[in-house]
Amino acid sequence: DTWIPLQIAYFDTEGRITKAYEMPVEKNPDKPQATYPSLKPSIAALEIAPRRLKGKLEKLFLCVEDKQ
């Protein structure tokens, strides 16, 4: 559920985007109808302003440092 338009991107263990969605505001955000699942195993999801990833999906990687 979202009260503002968003884009969501899911990332795999290699930091690559596996799926991205544009998430418009639903007619009734208290009772959302749409779902935006990751289609592959993912380690992270990033929600950002709409259309920010347009044309960049293959070029972007998520970098995370594990300090364990």
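Visitor: Among contacts between residues at least 6 apart in sequence, what percentage join residues at least 24 apart?
Guide: Happy to start there, and please keep in mind that this is a predicted model. The count takes contacts in the protein chain between residues at least 6 apart in sequence. Of these, the share that joins residues at least 24 apart is 56%.

Visitor: In what order do the elements of the protein chain run?
Guide: The protein chain has zero helices, and its strands number three. Read from the N terminus on, the order is therefore β-β-β.

Visitor: Is Gln-7 buried or exposed?
Guide: Gln-7 sits in strand β1, which covers residues 6–11. Its relative accessible area is 6%. Buried means under 20%, so Gln-7 counts as buried.

Visitor: Which residue's side chain does the side chain of Gln-7 join in a polar contact of 2.9 Å?
Guide: Leaving aside neighbours within four places in sequence, Gln-7 is in contact with several residues, including Tyr-21, Glu-22, Leu-46, Ile-48 and Arg-51. The side-chain partner in the polar contact of 2.9 Å is Glu-22.

Visitor: How far apart do the centres of the positive and negative side chains lie?
Guide: The protein chain carries 11 positive side chains and 10 negative ones.

Note on methods. Residues numbered from 1 in each chain as written. Predicted model: local features only at pLDDT ≥ 70, side-chain atom pairs only at ≥ 80, totals over all residues. Heavy atoms only, no water. Helix = DSSP H or I, 4+ residues; strand = E, 2+ residues; numbered from the N terminus. Buried < 20%, exposed > 50% of the residue type's maximum accessible area, 1.4 Å probe, protein only. Polar contact = N/O pair within 3.5 Å; in protein donor to acceptor, adjacent residues only side chain to side chain. Contact = heavy atoms within 4.5 Å. Lys, Arg positive; Asp, Glu negative; His and termini not counted. Charge placed at Lys NZ, Arg CZ, Asp CG, Glu CD.
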